[in-house]
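Here is a friendly walk through one protein model.

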Amino acid sequence: MKKVIGKLLFVFFILLLLAGIFLFLIGYGYYSNTLHDKSLTKRVEAVTSKEHYVPFHELPENYIHAVIAVEDHRYYNHGPIDLIGIARAFYTNIRDGKFDEGGSTITQQVAKNIIFHQDKTLIRKLGEVFGAYDLEKNYTKQEIFALYVNSSYFGDGYYCIYDASMGYFNKEPKDLNLGEASMLAGVPNAPSVYSPTVNPDLAKKRQSHVLNKMVEYGYITQEEANTIP
């Protein structure tokens, strides 16, 4: 009986290994083909050369903290992908019976924004992982964070943090206060839902969630969060 179980486990391991190799080849092939006409460097330059590109050092601290708290709170402590985050998201989605929480890192989202289309397919997710590894091999965490906020969609036709800040609040990103920063940090998760001009009530609920996360991870105090109406 033990020999039979041992053989079954061995066969299972081999099948799992072959499946892993297959997925690796599929994902890498998709990523490589996507970069065939335009390299990663050129895609990054297309973002950084925008007229109103906002570098990391010009972003307000509260906005940086708000984005990290709500999108990827372990951003500086993991690599291109976050296995802990993926496991946590899987558990939360199973527990709640709905798939509201994703496990993508900020780096993976940058890969999605500047390399791939927004279609939600397994092959794109596989390619996204290779894109994330390539990004972190060639750029710093701060550079990648700046790419994220300068390539994300904020609703109302605003495709970067500068346009969103000017469009929603008529001020440059560097001048955003805590309330405005936390509002904008929550929008890219679902721009058509959380746009302040489309669904102000849902936008406020999302902002409250962002503030709660900032409190949870020690970026602000509960008293500071309570000052935001």
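Where does Asp156 lie? Asp156 sits in the loop between α7 and α8, and we will come back to this residue at the end.

## About the model

This is a predicted model, in which local features need pLDDT of at least 70, side-chain atom pairs count only at pLDDT 80 or more, and totals for chains, interfaces and linings use all residues. Residues are numbered from 1 along each chain as its sequence is written, and side-chain values use heavy atoms, with hydrogens and water left out.

## The overall picture

The protein has twelve helices and zero strands. Helices (H or I, at least four residues) and strands (E, at least two) are DSSP runs, numbered from the N terminus. Along the sequence the pattern reads α-α-α-α-α-α-α-α-α-α-α-α.

Of the 229 residues, 42% count as buried. Here buried means under 20% relative accessible area, exposed means over 50%, and partly exposed covers what is in between (1.4 Å probe, protein chains only). A contact means heavy atoms within 4.5 Å. Among contacts with a separation of 6 or more, 62% come from residues 24 or more positions apart.

## The nonpolar core

In soluble globular proteins, nonpolar side chains tend to be buried together. The largest nonpolar core in this model has 49 residues, and those with the most contacts inside it are Leu40, Tyr63, Leu135 and Phe145. Such a core is a set of buried Ala, Val, Leu, Ile, Met, Phe, Trp, Tyr and Cys residues joined through side-chain atoms within 4.5 Å. At least two residues of this core come from each of α2 (40-48), α3, α5 (106-114), α6 (122-138), α7, α8, α9 and α11. The largest share, seven residues, is supplied by α3.

Not counting residues up to four places away in sequence, Leu40 touches Tyr31, Leu35, Ile114, Ile115, Asp134, Leu135 and Tyr139.

## Where α3 meets α7

Two packed helices are described by the angle between their axes and the distance between the axes. For α3 (residues 61-71) and α7 (residues 141-149), the angle is about 85 degrees and the axes are 12 Å apart. The axes are lines fitted to C-alpha atoms, for helices over the stretch in contact, and angles run from 0 to 180 degrees between N-to-C directions. The pair is therefore roughly perpendicular (under 35 degrees counts as roughly parallel, over 145 as roughly antiparallel, 65 to 115 as roughly perpendicular and the rest as oblique).

On the α3 side, Tyr63, Ile64, Val67, Ile68 and Glu71 meet Phe145, Tyr148 and Val149 of α7. By class, this contact has seven nonpolar, no polar and one charged residues. Ala, Val, Leu, Ile, Met, Phe, Trp, Tyr, Cys and Pro count as nonpolar, Asp, Glu, Lys and Arg as charged, and the others, Gly among them, as polar.

The side chain of Glu71 makes a polar contact with the side chain of Gln109 (3.3 Å). A polar contact is a pair of N or O atoms within 3.5 Å; within protein, one must be able to donate a hydrogen and the other to accept it, and residues adjacent in sequence count only if both atoms are side-chain atoms. Beyond four places in sequence, Glu71 touches residues including Ser104, Tyr148 and Arg206.

Asn177 caps the N-terminal end of α9, with a side-chain oxygen 3.1 Å from the backbone nitrogen of Gly179.

Helix α5 is also largely enclosed, because eight of its nine residues are buried. The buried residues of α5 pack against α2, α3, α6 and α7.

## Loop residues

Ser151 is found in the loop between α7 and α8 and is buried, with a relative accessible area of 16%. The Ser151 side chain reaches the backbone oxygen of Leu147 at 2.7 Å.

Back to Asp156: its phi is near 55 degrees, a positive value in a residue other than glycine, and Asp156 is partly exposed at 39% relative accessible area. Asn170, in the loop between α8 and α9, also has phi near 55 degrees, and is exposed at 64%.
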